[in-house]
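Here is a short briefing on one protein structure.

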Amino acid sequence: MACATGPDPPGDSSGDGGGEERPAWDNRLQYLLSCVGFAVGLGNFWRFPYLCQTYGGGTFLIPYLIALVFEGIPLFHIELAIGQRLRRGSIGVWMAISPYLGGVGLGCLTVSFLVSLYYNTILTWVLWYLLNSFQHPLPWSACPLDLNRTGQAICSLWPARDGPPVPGLVEECRDSSAVSYFWYRQTLNITADISDSGSVQWQLLVCLAASWAVLYLCVIRGIETTGKAIYFTALFPYLVLTIFLIRGLTLPGATQGLVYLFTPDMQVLWNPRVWLDAATQIFFSLSLAFGGHIAFASYNPPRNNCERDAVAIALVNSMTSLYASIAVFSVLGFKAVNDHGRCLDGNILRLINAFDLPDQSISRDDYTAVLARLNVSRPEWVAGLHLDACRLEDFLEKSAAGTGLAFIVFAEAVLHMPGAPGWAVLFFGMLFTLGLSSMFGNMESVITPLLDLGVMPRGVPKELLTGLACLVCFLSATCFTLQSGSYWLEIFDHYAAPLNLIFFAFFEVVGVVYVYGMKRFCDDIAWMTGRRPGLYWQVTWKVVSPLLLLTIFVAYISLLASTPPSYKAWNPQYEQFPSRQEKPYPGWVQAICVLLSFLPALSVPAVTLVQLLARRRRKQQDVQQDMGPKLQDGGVC
């Protein structure tokens, strides 16, 4: 192993390797908001609440906070400190520490590129919903009519219950729901199998181009432009979350939703999967190992207190997850109470019609008592009605994670709120700005290393390099606008980042602590912050964090190996539709999953091998140069 290259001397701000003055943040608030915007993303809104609900409500906070203290904050501190001290992007930092670690920076750049492709596609879907929210009624509020060739509604073969036939609805929508139909058919126009690519959905392609255009305008000159845009993109989501929280807490059912969310179940702590999910949630929520935080920190003044920043940003990120969960489940509790009420109304109508009772003779409050009496007096009649099981807990459990929460569950919840279009605009506007601020960090993870490496001639403006990067990303992401695009996005989300980022984070800790050197790193932090890292930092960096990362890496591989790769297809011909049909991935798709899981990580041994071969060649050249004069001297003698 070669000796680590030392950092720039104190006071030298030209660590970009290009001899030019490195850009700087206008003020400290810009930097903090940029880091918060990069860390706080869509996962805080739609994954953390789901994990809390799945793993015993408040009980999940125990492994989550443990992972935050012993994994998240220490790793975050390393990234901010090393970026600020060496004043380079991800590739430059690891090449400075050791040429053999250059593959870590290259791998981080590759993963950031892959994540940018599908992350901005999610913003494309959000933009499509946002544009469709400026109308009343909302287009996902009702099923469209099934029209024949003359444009007339077809009378349904399934007459309305206890009423005359109604104009026929599209069968797929009638068998599922208006919200699901708008998402799967009118937005994605999804195929029933991943092998059927389908055609490009032009409305999504246009929205994809618009999303990349907006992003390009924001990142066109790096932190000079993102620093201005971040005030809006980072603060607007907090404003909307607060509005939803205030409104949600006044809605009926909000209390039931919050009680259900935070009701503890200590038994789940014996489940190893809880600890794995808590550790990975912390890891991805802070956007560790992407290289974006290293790039952002490289624009800081050398004497900035990076320790204070690391702790503050990590705590803000976790508090945001908790804050978002309260807002989300207050609204979802309202939705559950509405769904439960409609379920009761349907059963009440069946009882009234079956037993010829007066209209409105059974209220929701009296339903349980009336049903109990009828079960005693006419049990066979009641059994023949096939009443729905209307339990509020069942409706509270019908939440989802990821796109299902945003585009189905929450989109339906908004329909029940007065002034639904206005709430839809706020909700999808919040998601768009939330994702946009995260994309600032993703693109910085790609562009800053390229600038530091000098891949473009000096005369080429930065705007051109940024434009080329966005154009390449846009063209590469067009595959997600196919009818099978959502299946491929799910593959990229599951396989492109998790294993690779854990792998890179492990080498980040090992590289800083054991290659760069703990004493040298602590000296750098003392020079930057005015005090040396205490026992907590040194123990977590040297022992706890590396062991945690190694454990998570092995557990994640074991989990993938024990779970056959499959996906859930939206298939109207499926017997149990509208449930999604679970299908195994074809062999060629599984091969792509393996490539996405391990190919970026291969950059580490690949670069190490290249450096070893280059070093060997240099030694051979040095030996030949030394032997040349000796041979000439021997000939003269």
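A residue counts as buried when its relative accessible area is under 20%. Cysteine 173, at 1% relative accessibility, is therefore buried. The model is predicted.

**Disulfides**

- The count of disulfides is 2.
- Counted along the chain, the bonded cysteines pair in the pattern 1-2, 3-4.
- Cysteine 143 sits in the loop between α6 and α7 (171-175), while cysteine 173 belongs to helix α7, so the bond ties together parts 30 residues apart in sequence.
- The other pairing is cysteine 343 with cysteine 390, at an S to S distance of 1.9 Å.
- Its S-S torsion is about -75°, so the disulfide of cysteine 343 and cysteine 390 is left-handed.
- Cysteine 343 lies in helix α14 and cysteine 390 in the loop between α16 (379-384) and α17 (392-396), so this pair ties together parts that are 47 residues apart in sequence.
- Cysteine 343 and cysteine 390 are both buried.

- Cysteine 35 takes part in no disulfide; the nearest cysteine sulfur belongs to cysteine 306, 11 Å away.
- A disulfide needs sulfur atoms within 2.5 Å.
- Cysteine 35 has 0% relative accessibility, so it counts as buried.
- Cysteine 108 is also in no disulfide; the nearest cysteine sulfur is that of cysteine 35, at 16 Å.
- Cysteine 108 is buried too, because its relative accessibility is 1%.

**Nonpolar cores**

- The largest nonpolar core holds 170 residues.
- Within this core, Phe45, Trp212 and Phe428 touch the most other members.
- Helix α6 (residues 102-132) gives the core its largest share, 16 residues.
- Another core lies apart from it, with 16 residues, among them Ala336, Leu351, Ile362 and Tyr367.
- Which residues does tryptophan 212 touch, leaving out those up to four places away in sequence? They are Ser116, Asn120, Met439, Met443, Cys470, Cys473, Phe474 and Ala477.

**Surface patch**

- A nonpolar patch on the surface is formed by Ile62, Ile66, Val69, Phe70, Met266, Trp275, Tyr536 and Leu548.
- Together these residues have about 630 Å² of accessible area.
- Helices α4 (61-86) and α23 (535-562) each supply at least two residues of the patch.
- The largest share, 4 residues, comes from α4.
- Isoleucine 62 is placed in helix α4.
- Isoleucine 62 counts as partly exposed because its relative accessibility is 36%.

**Serine 325**

- Serine 325 is in helix α14 (residues 306-354).
- Is serine 325 buried or exposed? Its relative accessible area is 0%, so serine 325 is buried.
- Beyond residues up to four places away in sequence, serine 325 touches Phe48, Pro49 and Leu261.
- Serine 325 and phenylalanine 48 are 277 residues apart along the chain, yet their C-alpha atoms are separated by 7.2 Å.

How values were computed. Residues numbered from 1 in each chain as written. Predicted model: local features only at pLDDT ≥ 70, side-chain atom pairs only at ≥ 80, totals over all residues. Heavy atoms only, no water. Buried < 20%, exposed > 50% of the residue type's maximum accessible area, 1.4 Å probe, protein only. Contact = heavy atoms within 4.5 Å. Core = buried A, V, L, I, M, F, W, Y, C linked by side-chain atoms within 4.5 Å. Patch = residues over 30% accessible without salt bridge, like charges linked within 9 Å, V, L, I, M, F, W, Y side chains within 5 Å. Areas by Shrake-Rupley, 256 points an atom, 1.4 Å probe, with all protein chains shown as cover. Salt bridge = Lys/Arg side-chain N within 4 Å of Asp/Glu carboxyl O.
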